[in-house]
Amino acid sequence: MISDSLVGADKNLTSSQAIYFSFVTAATIGYGDISPKDESIQHVIILQIMLSLSFIVMFIANVSGKLGMGALAVSPPNDGEAIPTQDPGD
C-alpha cells in the first residue's frame, strides 16, 4: 500500500527507501525527492509528522527537566567511604 502511494522517481519504493522517507519526514527535513501522491497517505504522513514532533518535544522537556533538577549532574564516586564533615562549632 505505502510503496504504491509514495512516489520517488516514478517507481515503487523499496523498504529502505520507505525507511529513508520516514526518517527524513520525522526529522522535518523534507527533501522532496519522495512524496505521497495519494490523499489518504498524505493524511497518514501528517499524523506521522505530528507524532514525531510530539516525541521530540517530550524528549527535550524530559532532558531539560532533569537538567533543572540536577539529575544529570556528574558526582564523584564515593566507594562507600563516609565523607568527612566539619562541625559548625569548630
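## Order of elements

From the N terminus, the elements of the protein chain follow the order α-β-α-β-α. That gives three helices and two strands. The model is predicted.

## The chain as a whole

The protein chain has 90 residues, and 12% of them count as buried. Its accessible surface is about 7200 Å². Carbon and sulfur atoms hold 63% of that surface.

Contacts can also be sorted by distance along the sequence.

## How α2 and α3 cross

Two packed helices are described by the angle between their axes and by the distance between those axes. Helix α2 covers residues 15–26, and helix α3 covers residues 39–69. Their axes come within 9 Å. The crossing angle is roughly 55°. That angle makes α2 oblique to α3. The crossing of the two helices is right-handed.

## The contact between α2 and α3

Which residues meet where α2 and α3 touch? On the α2 side they are Phe21, Ser22, Thr25 and Ala26. On the α3 side they are Ile45, Gln48, Ile49, Ser52 and Ile56. By type, the residues of this contact divide into five nonpolar and four polar. No charged residue takes part in the contact of α2 with α3.

Thr25 is in helix α2. Is Thr25 buried or exposed? Its relative accessibility is 10%, so Thr25 counts as buried. Leaving aside residues up to four places away in sequence, Thr25 touches Ile45, Gln48 and Ile49.

Ile45 sits in helix α3. Its relative accessible area is 11%, under the 20% cut-off, so Ile45 is buried. With residues up to four places away in sequence left out, Ile45 touches Phe21, Thr25 and Pro36.

## Phe55

Phe55 also lies in a helix, namely α3. Is Phe55 buried or exposed? Phe55 has 55% relative accessibility, over the 50% cut-off, so this residue counts as exposed. Ile45, in contrast, is buried.

Phe55 and Ala26 are 29 residues apart along the chain. A distance of 9.9 Å separates their C-alpha atoms.

Methods
Residues are numbered from 1 along each chain as its sequence is written. This is a predicted model: local features need pLDDT of at least 70, side-chain atom pairs count only at pLDDT 80 or more; totals for chains, interfaces and linings use all residues. Side-chain values use heavy atoms; hydrogens and water are left out. Axes are lines fitted to C-alpha atoms, for helices over the stretch in contact, and angles run from 0 to 180 degrees between N-to-C directions. Helices (H or I, at least four residues) and strands (E, at least two) are DSSP runs, numbered from the N terminus. Angles under 35 degrees count as roughly parallel, over 145 as roughly antiparallel, 65 to 115 as roughly perpendicular and the rest as oblique. A crossing is left-handed if the near helix is turned anticlockwise from the far one by less than a right angle, and right-handed if clockwise. Contact means heavy atoms within 4.5 Å. Ala, Val, Leu, Ile, Met, Phe, Trp, Tyr, Cys and Pro count as nonpolar, Asp, Glu, Lys and Arg as charged, and the others, Gly among them, as polar. Buried means under 20% relative accessible area, exposed over 50%, partly exposed in between (1.4 Å probe, protein chains only). Accessible areas come from the Shrake-Rupley method with a 1.4 Å probe; for residues, only the protein chains shown count as cover.
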